[in-house]
Amino acid sequence: MRISARWPLLILALLLTSAVSARAGDVKDTDVYARLKASLDAVPAIDTHSHLGGPGHIKLALERDFRGEDPKDCALSRLWMRSYFTWGHGLAPWPADDRFETWWNAAQRDFDNSRARSAYRAMLPIFEDLYGVDFETLTVDQAKELNARMEKNYENPELAEEVLVKRANTELMLIDSFVMPLHVGDHFPFMASVCNVRWYINGFHPSEFANRANADPYAFAKHHDLPVNTLDDYVAVLDRIMAEAKATGAVCLKSQIAYDRTLDVAWVPKERAEQVFGKPRAELNPGQIKEFQDYIFWRLAELSAKHELPFQIHTGHARIPGSNPMNLVNLIHGNPRTRFILFHGGFPWVGESGMIALKYPNVYLDSVWMPTLSYTMGKRAFKEWLDMFSSNRIMWGSDLFTLEGSYGTTMYARQCITEALAEKVLDKELREEDALRIGRQILRENALEAIPLLRNHLKGGAEKQ
Ligand SMILES: [Zn+2]
């Protein structure tokens, strides 16, 4: 009697255990994930942010960095050095004896301490997919052979198209070259430019641009015979720069002032900024400089709306104090006609950025860089944002300087987005067909909706305006 009464309990316990272990397992092993991944990998993606150079940069890397008379690097070392692996973390430099073995043995210690970091794991698809090797178990001889294959690959003029367009299935990449679009001459056909406006907030005096010839609005004014005698003149020059940038194919504005100062942009009366205009930095105090910068940043937001060039703004992970996207709320509130695209999801303030997007329909969140900073937080952010606001306002980007690195972060982002959506389906919070549609939006369609000029750069004419 006692035994037979225990059986149903035992069976119930077993059922519960198997249910728990099914959810505790890797979502990537489920059929739902496999179906979503296959469908979403087939979506030609639009990468909203990269720093990749064009064919000239790749040729230069081959000639100077790997084949030069005095090589100070190799392809594998350079790839890691120019990734986010080295942000805040050391990596053994190329050794004085110029031997691969010396570098590899020293670098191993740094890799060992970073095996769980997303900045490391985002690079693994490069080796697995493009070279068929497991980077984590390479011997020194295998690593040396891998490096030789990588350097040989650079001789292939089709390499960028093969890796990014065919393998990663990226149709179009938005490139931030840090200069005015009219100075960008080295692009692959699958690239479009942004108009970088980071330095214009310092236009109180021409001396601010002494070392920034390619981002100098005073040089632009001189070249176009425009006066810059008053603050209004200066703002008119910025207006003209945007018109010209648009005419030369730029599709949006980009600012990363969060690396230079707080994102707390106050509304400043024109008279205050006029008192600063024309004076060199030595004659100004930090408060006056901030007021001028705030005044110009506000004008940039207005010009963004005027020229219909959406405003990509770096938020989160920069100077830590001041890079919280909440600092931008006044600017966003005061400029409802401007389309703000908050970069990096405000990392690590992903909940705060979600709140801003919930309240302001003119705010889009770009997850660019987020999975590379923390895959776990990235996945959580996708899920929370989809809980909070409409799915047509989330984008993604690869955000790297190297070809292979761009491949790695693209595949890592594709995986993170798919995994977040698959979890929502398995949790019965989303139907699979809606997860698929949302995945397409994040990977491609939202970029076209938020930045309409991108359509002019698509390969086919079918989606053009
Ligand atoms: Zn970037």
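Student: How many of the contacts join residues at least 24 apart?
Tutor: Among contacts between residues at least 6 apart in sequence, 73% join residues at least 24 apart. Two residues are in contact if their C-beta atoms, placed from the backbone, lie within 7 Å. Keep in mind that this is a predicted model: local features need pLDDT of at least 70, side-chain atom pairs count only at pLDDT 80 or more, and totals for chains, interfaces and linings use all residues. Residues are numbered from 1 along each chain as its sequence is written.

Student: What does the pLDDT of the chain average?
Tutor: The average is 92, and 91% of the residues score at least 70; pLDDT is the predictor's confidence in each residue, from 0 to 100. Over residues 17–22 the pLDDT is below 50, and that stretch has zero contacts in the model beyond near neighbours in sequence. Where pLDDT is low, the predicted coordinates should not be read in detail.

Student: New topic: where is Ala 96?
Tutor: Ala 96 sits in the loop between helix 4 (75–81) and helix 5 (100–112). Helices (H or I, at least four residues) are DSSP runs, numbered from the N terminus.

Student: Is Ala 96 buried or exposed?
Tutor: Ala 96 is exposed, because it has 8 other C-beta atoms within 10 Å. A residue is buried if 20 or more other C-beta atoms lie within 10 Å of its own, exposed if 12 or fewer, and partly exposed in between, with C-beta atoms placed from the backbone.

Student: And how much of the chain counts as buried?
Tutor: Of its 465 residues, 42% do.

Methods
Helices (H or I, at least four residues) and strands (E, at least two) are DSSP runs, numbered from the N terminus.
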